[in-house]
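Try each task before you read its solution.

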Amino acid sequence: MTSQDAVPPSGESAAKPNAEPQKKSRISVGWGLAFGGLLVLLALIGLMLRRTQEGPIRVGDPVPDFVLTTFDGDEIHLADLQGKVVVLNFWASWCSPCAQEAADLEAAWRYYQPGGEVVFLGVNYVDTEPEAKAYMAQFDITYPNGPDLGTRISQGFRIRGVPETYLVDKEGKLAYAQIGPFRSLQHIKSVIEPLLK
Amino acid sequence: MKKRITWLLPLLSLSFLLLGVVSVQAQSGTPHTPTDDEVNAVASQLYCPVCENIPLDVCGTQACAQWRDLIREKLSEGWTTEEIKTYFVEQYGDRVLATPPPRGLNWLVYVLPPLLILAGAVILVQAFRAWKTPTEEPLEAEMAPSTPEAAFSDDEYIARLEEELKNR
């Protein structure tokens, strides 16, 4: 017995080594595609998770532009309010803590309205219109308010609940975020005043 | 004959008029008051974004109660289930739906599972085929020297063995 015995003598057997690499390459291409697809899928899932796991907008970040269609039918673009301080309050009629700060917010609006440097906007979050309007009448709210259609504005700010209030400075950057209700009118004034200097 | 037609005509027109009045009354009559079951049938297909993963029909929050009232109001106005669902999506976003609408990245939810099942089935079939086909290659591979060094060492061993046998 010599090493030559190991070499297949027949022609049929001699053809096998040529077929084998082809089959193997087909399999490896299949596995490559499968792994490639899996990687793309994982990347997509990762991107989606990253988007959903992102917290609220950080102070100093530019605020995403949005359009608020008020209950009166007016359209307010945030971009048009550059040069003014914007107080953006997310609320709902079913939210008890919102009711705690509603009167103070209205008082603050009436205090700053004559100066024209501060704009108050109310975004009504997942609410029904009759109840929202009844709430506004109850607290005599006069600053512009509108529904968060398609929850687009709240998703842009990535809010976690209501009430939440965001202060946008004159350059359109987030200056302050109040998670939960303001404690008093003084509290509201104390966060607005530094932005007017 | 002519006389008969003359008194039949007003009678016919009166009866048509009466029919018209009756049908108009039926259409604009007292509005249909939806039952709780009808409201819940629509509500069960919607989810409140505030209390996630709880269908609207069993959600106990004030927000959900308001939404059910809104569904009742829309049903009494004659809206269909699809119209109500569309209204809720416009107002509150896609999150209110039990299943994501098939657009954008949402398509992945519908396309990927069948694709993965198909890919799994193909892999399984290939694996079963490979297991069933008896292969001689491994035996040949076992018999054949795997490397030139192995072949050389085998030859050397055989040569020594033959030499020792001759010497005996």
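This is a predicted model: local features need pLDDT of at least 70, side-chain atom pairs count only at pLDDT 80 or more; totals for chains, interfaces and linings use all residues.

Residues are numbered from 1 along each chain as its sequence is written, while chains are lettered from A and ligands numbered from 1 in the order in which they are written.

**Exercise 1. Find the strand order of the open sheet of 5 strands in chain A, and say which strands stand at the edges.**

Step 1. Helices (H or I, at least four residues) and strands (E, at least two) are DSSP runs, numbered from the N terminus. Two strands pair if DSSP finds at least two bridges between them.

Step 2. Start with the parallel pairs. β3(A) and β4(A) are parallel, joined by 7 bridges, with V86(A) opposite V119(A). Strand β4(A), residues 118-124, also runs parallel to β5(A), over 3 bridges; here N124(A) faces P147(A).

Step 3. Now take the antiparallel pairs. β3(A) meets β6(A) over 5 bridges in the antiparallel sense, and N89(A) stands opposite T165(A). β6(A) and β7(A) are antiparallel too, with 5 bridges, and T165(A) is opposite Q178(A).

Step 4. Put together, the order is β5-β4-β3-β6-β7, with mixed pairing. β5 (145-147) and β7 (174-179) of chain A are the edge strands; each has a single partner strand, so one side of each lacks a neighbour in the sheet. Neighbouring strands are turned by 20° against each other on average, direction ignored (axes are lines fitted to C-alpha atoms, for helices over the stretch in contact, and angles run from 0 to 180 degrees between N-to-C directions).

**Exercise 2. Work out which handedness the β-α-β units of β4(A) have.**

Step 1. A crossover is right-handed if, with the strands pointing away from the viewer, the path from the first strand over the helix to the second runs clockwise.

Step 2. Going from β3(A) to β4(A), the unit contains helix α2 (residues 96-112) of chain A and is right-handed.

Step 3. From β4(A) to β5(A), the unit with helix α3 (residues 129-138) of chain A is right-handed as well.

**Exercise 3. Decide how β4(A) and β6(A) are covered.**

Step 1. A residue is buried if 20 or more other C-beta atoms lie within 10 Å of its own, exposed if 12 or fewer, and partly exposed in between, with C-beta atoms placed from the backbone.

Step 2. In β4(A), 6 of the 7 residues are buried. In β6(A) the count is 5 of 5, so this strand is largely enclosed by the rest of the structure.

Step 3. Helix α5 (residues 185-196) of chain A lies across β3, β4, β6 and β7 of chain A, at about 150° to β3(A).

**Exercise 4. Inspect the backbone at V126(A), R158(A) and P163(A).**

Step 1. Most residues other than glycine have a negative phi, and most peptide bonds are trans.

Step 2. V126(A), not a glycine, has a positive phi of about 25°. V126(A) lies in the loop between β4 and α3 of chain A, and counts as buried with 23 C-beta neighbours inside 10 Å.

Step 3. R158(A) has a positive phi of about 55°. R158(A) is partly exposed, with 15 other C-beta atoms within 10 Å.

Step 4. The loop between α4 and β6 of chain A holds R158(A) and P163(A). The peptide bond from V162(A) to P163(A) is cis, with omega near 0°.

**Exercise 5. Describe chain B and the side of chain A that touches it.**

Step 1. Chain B has 7 helices and 0 strands, and 12% of its 168 residues are buried.

Step 2. In helix α2 (residues 36-43) of chain B, the buried residues are V39(B), V42(B) and A43(B). They fall within an arc of 100° seen down the axis, so they line one face of the helix (the arc is that of the directions from the helix axis to the C-beta atoms).

Step 3. Residues are in contact if their C-beta atoms, placed from the backbone, lie within 7 Å. By this rule, 16 residues of chain A touch 24 of chain B.

Definitions and conventions:
Two residues are in contact if their C-beta atoms, placed from the backbone, lie within 7 Å. Ala, Val, Leu, Ile, Met, Phe, Trp, Tyr, Cys and Pro count as nonpolar, Asp, Glu, Lys and Arg as charged, and the others, Gly among them, as polar.
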